[in-house]
Amino acid sequence: NMSTLQKVIAVHDFLVRTDSDVLHTKGSPFSVATFMAEKRGVCMAYALLFEKMMEVLHIPCHYVIGKADGEGDAGHAWNMVEIDGQWYHIDVTWDDIGHVLEHHEIRYRYFLLTDEQIAKNHQWDLDLYPPCTSERFNAMHHLYDVCIAGDLLIYPHSKTAYLTAMDPETLQTKKLADIRVQYCTYANGLVYMVNHSDGATLYTYDAKTAELTKCSTDPIHAIHKTTNEVVVTYANGSQEMIAIETAVDVTESLQIAEFDDARYTNISMMSLGD
């Protein structure tokens, strides 16, 4: 029942929260298979997997090949996605900042941009791709540590860090509580977050009842969400694992093809180089 925009947000956030932009991997860092197995890879793997997930969701998407500032001569890859008849740039790799900035995990600076906006640090052949001119989602570009809770995006306000909600369809915002928060993560019908207005302790917010609940007295260092659990890391280094009740065993829902080994020949991987 999600809208196209909500689906794009969900995929973007899943990739950012699940994977890390790392060149050194056991398998090829360019490979989607490596990316899915090791949760590590480079821009090519991010963009190819995003494109494939859009294909499964029947959302028009392009894999964009170009260059970007700071990426050297190796080139860079990102995506274009169509929402309500308009095309937008989306660079999931550059929105994944958890491995660079200790106190942030996800941002929207490169989420649904125009040609003019992304051209400040990205270069591509404009003749090969549709124009991106809509500025509809400009209000989202300053968001960080965002989570989806029902039909709302919940996040720290970019200036005050107060707990805030945005309707992504109308882009209307409202303050939910006068507390300074960080690491907003949605699971089990609750928003888990660090409340810096109360000693950086763990709190939850119920989006339906607006109820705030304090869950710890010890300060929190970080909150990270995996497929099956919310991982709370305390300042003293200890961790608490909170199981996600709605987690689905993916292996049960996949139909694994049976291959006849006799039909295939093993060959060594060629070096991809640059």
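Mentor: This is a predicted model, in which local features need pLDDT of at least 70 and side-chain atom pairs count only at pLDDT 80 or more, while totals for chains, interfaces and linings use all residues. Residues are numbered from 1 along each chain as its sequence is written, and side-chain values use heavy atoms, leaving out hydrogens and water.

Trainee: Which residue in E5 is the bridge partner of Met 80?

Mentor: Strands (E) are DSSP runs of at least two residues, and helices (H or I) of at least four, numbered from the N terminus. In E5, the partner of Met 80 is His 89.

Trainee: Which strands stand at the edges of the sheet?

Mentor: The open sheet has five strands, with antiparallel pairing and the order E6-E5-E4-E3-E7. Two of them have a single partner strand each, so one side of each is left without a neighbour in the sheet. These are E6 (111-113) and E7 (122-124).

Trainee: What angle does the direction of H1 make with that of E4?

Mentor: H1 packs on the sheet and touches E4, E5 and E6, contact meaning heavy atoms within 4.5 Å. Axes are lines fitted to C-alpha atoms, for helices over the stretch in contact, with angles from 0 to 180 degrees between N-to-C directions. The angle is about 160 degrees.

Trainee: How many residues of H1 are buried?

Mentor: Buried means under 20% relative accessible area, exposed over 50%, and partly exposed in between (1.4 Å probe, protein chains only). H1 covers residues 4-18, and Leu 5 and Thr 18 are among its buried residues. The helix is mostly covered, and the number buried, of its 15 residues, is 11.

Note on methods. The expected span of a helix is 1.5 Å times one less than its number of residues. Two strands pair if DSSP finds at least two bridges between them.
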